[in-house]
Amino acid sequence: MNPPADLSADPAAAPWPGRHGNFLLALGDATRRLSDADAILAITLERLGRQIGVDRAGYIESHPGNTGYSVRREWCDGAIPTFVGDHSGNSTSPHLLAAMKRGEPMVFPDLLADPSIGATANTMLASGARAMMCVPLLKNDELVGALGLANSAPFDWSPADLMLVREVLERTWETLERARAEAALRESEALLQAFLQHAPIAMSLTDEAGELLLANEELLKRLSQNDAAMRAQSTANEASLRAEVLATGSAVEREMTVAGAQSYRQYLAVRFPVHTAPGAPMRIGGCYIDLTRQKAVEAELARSREAL
């Protein structure tokens, strides 16, 4: 079905019709500091449904291959049942699904008054809806999401309603994409920290001057056990390894010994260049594998062989 009016004007450039006035500004203020996708959707859908004056508003995501769709999150005012969940492509009339894939909205003031929509009308009427609007969003010619609004009684959708839903959908999708990216980044950082803290070897990241940027618990424990003499030797060893990495741009491995007043430690030190982005300063990664016990066992075995 065609949209109820010509909405070719750019909603960002044109003044919003009367009752929708400053809605987008208020919605942006309410969701700007949120990072949780479900929290963003909860506020957006309730405010949109109440603003237009309908009983239900939901955010819809398409299944891979457009074989069906899921109503991911929804707001209802209690006058109409929920429609949250997965739905097969069979619940939507083929010609309407094709229109959605072309980015054309479905707008029905009264589902009983339009016999052409077939399966869609049956599905929506069974969910308690008498009027429906569903606005799709395409990205790279793919259907990525939609906003669906429904009312338990016939509803006179206005051009301003459709214009508002389109704009809210675009902004919501962009906000959700940012939230997903931020969540993925947080998960990646958490995994990195867990990996570092559970690694049984000492690990570090420094800048070119040797300033410690990142250290795991094992390294901090080792450093706390060093006396002044061992710390001085470790600093000199570190400077030598760092200089070699900076000069060659390659990884460096070296077995080293640091001796203190009452103990000593032997270890394999590995340093390697870390490039984060083109033109960014080099960072130097490092790991320290304690060989003290292994070297002691090897020395004892060598003494035993000599005694034979």
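Figure 1. Met106 is found in strand S4 (residues 106-108); helices (H or I, at least four residues) and strands (E, at least two) are DSSP runs, numbered from the N terminus. The model is predicted: local features need pLDDT of at least 70, side-chain atom pairs count only at pLDDT 80 or more, and totals for chains, interfaces and linings use all residues. Residues are numbered from 1 along each chain as its sequence is written, and side-chain values use heavy atoms, with hydrogens and water left out. At 5% relative accessibility, Met106 counts as buried; buried means under 20% relative accessible area, exposed over 50%, and partly exposed in between (1.4 Å probe, protein chains only). Not counting residues up to four places away in sequence, Met106 touches Leu96, Met100, Met132, Met133 and Cys134, where contact means heavy atoms within 4.5 Å. Met106 and Met133 are 27 residues apart along the chain, and their C-alpha atoms are separated by 5.5 Å.

**Figure 2. Asn151 in strand S6.** Strand S6 (residues 142-151) contains Asn151. With a relative accessible area of 8%, Asn151 is buried. Its side chain reaches the backbone oxygen of Ala153 at 3.1 Å. Such a polar contact is a pair of N or O atoms within 3.5 Å; within protein, one must be able to donate a hydrogen and the other to accept it, and residues adjacent in sequence count only if both atoms are side-chain atoms. Leaving aside neighbours within four places in sequence, Asn151 is in contact with Gly53, Val54, Asp55, Ile80, Gly128, Ala129, Arg130 and Ala131.

**Figure 3. The aromatic pairs.** A search of the whole structure finds two aromatic pairs. Rings of Phe, Tyr and Trp (its six-membered ring) pair if their centres lie within 6.5 Å; planes under 30 degrees apart count as stacked, over 60 as edge-to-face and the rest as tilted. The ring centres of Phe155 and Trp157 are 4.6 Å apart and the planes are at 55°, so this pair is tilted. Phe155 and Trp157 are both buried. Tyr267 and Tyr288 also form a tilted aromatic pair, with 6.3 Å centre to centre and 55° between the planes. This pair links distant parts of the chain, 21 residues apart: Tyr267 is in strand S10 (residues 264-274) and Tyr288 in strand S11 (residues 283-290). Tyr267 is buried, at a relative accessible area of 9%, and Tyr288 counts as buried at 18%.

Figure 4. Strand S9 (residues 252-259) and S10 run antiparallel and are joined by eight bridges. Two strands pair if DSSP finds at least two bridges between them. S9 and S10 form a hairpin, with four residues between them. S10 and S11 also run antiparallel, joined by eight bridges. Leu268 in S10 stands opposite Glu255, and the bridge partner of Leu268 in S11 is Ile289. In a regular strand the side chains alternate between the two faces of the sheet.

**Figure 5. Salt bridges.** The count comes to 20 salt bridges, each being a side-chain nitrogen of Lys or Arg within 4 Å of a carboxyl oxygen of Asp or Glu. Side chains of opposite charge can pair when their charged atoms come close. One of the bridges joins the side chains of Arg102 and Glu104 (3.0 Å, N to O). Arg102 counts as exposed at 51% relative accessibility, whereas Glu104 is partly exposed at 30%. Another joins the side chains of Lys139 and Glu170 (2.7 Å, N to O). That pair links distant parts of the chain, 31 residues apart, with Lys139 in strand S5 (residues 131-139) and Glu170 in helix H5 (residues 159-198). Lys139 is partly exposed at 24% relative accessibility, and Glu170 is partly exposed at 22%.

Figure 6. Glu300 and Arg303 both lie in helix H8 (residues 292-307), three residues apart, about one turn of the helix. The two residues form a salt bridge, their closest N and O atoms being 2.6 Å apart. Glu300 counts as partly exposed at 41% relative accessibility, and Arg303 is partly exposed with a relative accessible area of 47%.
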